[in-house]
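Dear colleague,

I am handing over the structure below, and after it you will find an account of what turned up. Please read the two side by side.

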Amino acid sequence: MTSPVIPTIRPARPEDVPAVVAMVHELAEYERAPEQCHLTTEQLSSALHGPAPALFGHVAVDAHDEPVGFALWFLNFSTWAGVHGIYLEDLYVRPDARGTGAGRLLLAALADICVRRGYQRLEWWMIDWNPAAGFYASIGAEQLNEWVPYRLSGDALRELADRATTAGTRPGD
């Protein structure tokens, strides 16, 4: 029996975008919310490779340089620590590539960026039923129970934005 080929991790290239978009949709299916995923190749291409990207990505590629996993991330900032960190928006490895170390290598690449740049945090959220919790614990990640996530979106987001406009306090873009 042959052992699985260990993937290579590299920054996402423009030619990787269609595969990453397909995997984002696979992730949405896995998380039981495919109807909520509307990402297009054009959107991700612009976000990753446009004139001023604020989103970054790495891919795990197989021996044929085909993406089998990805990590999409952006910078956050800790006002208490006074330094940036990385927020991992999504991490996904295709089922056929699981067990090859792709997920661990993707996280290791982001941890390396943090260490080299002096960032103190690599953070992400995970859906509560995801079996990856054991994997995350095995690499030393700690679940944060004292912080409660909040989200403002849809009508509530628009209504609050309208208050800024009607109050004459609309900040510059």
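Asp112 counts as partly exposed because its relative accessibility is 37%, where buried means under 20% relative accessible area, exposed over 50% and partly exposed in between, with a 1.4 Å probe and protein chains only. Please bear in mind that this is a predicted model, in which local features need pLDDT of at least 70 and side-chain atom pairs count only at pLDDT 80 or more, while totals for chains, interfaces and linings use all residues. Residues are numbered from 1 along each chain as its sequence is written, and side-chain values use heavy atoms, with hydrogens and water left out.

The side chain of Asp112 meets that of Arg116 in a salt bridge at 2.8 Å, N to O, the term standing for a side-chain nitrogen of Lys or Arg within 4 Å of a carboxyl oxygen of Asp or Glu. Both residues lie in helix α3, four residues apart, which is about one turn of the helix, and Arg116, at 58% relative accessibility, counts as exposed.

Helix α3 itself covers residues 102–117 and reaches 23 Å from its first C-alpha to its last, close to the 22 Å expected at 1.5 Å a residue, the expected span being 1.5 Å times one less than the number of residues. Helices (H or I, at least four residues) and strands (E, at least two) are DSSP runs, numbered from the N terminus. Among the buried residues of α3 are Leu106, Leu110 and Ile113. Seen down the axis, the buried residues of α3 fall within an arc of 150°, so they line one face of the helix; the arc is that of the directions from the helix axis to the C-beta atoms. The face turned away from this buried side carries the exposed residues Val115 and Arg116, and just after the helix Gly118 takes a positive phi of about 80°.

As for the other charged pairs, the structure holds six salt bridges. One of them joins Asp16 to Arg10, with the closest N and O atoms 2.6 Å apart, and both of these residues are buried. Arg10 and Asp16 also belong, with Arg13 and Asp65, to a network of salt bridges. In helix α5, Arg158 and Asp155 lie three residues apart, about one turn of the helix, and they form a salt bridge whose closest N and O atoms are 3.0 Å apart; Asp155 is exposed, with a relative accessible area of 53%.
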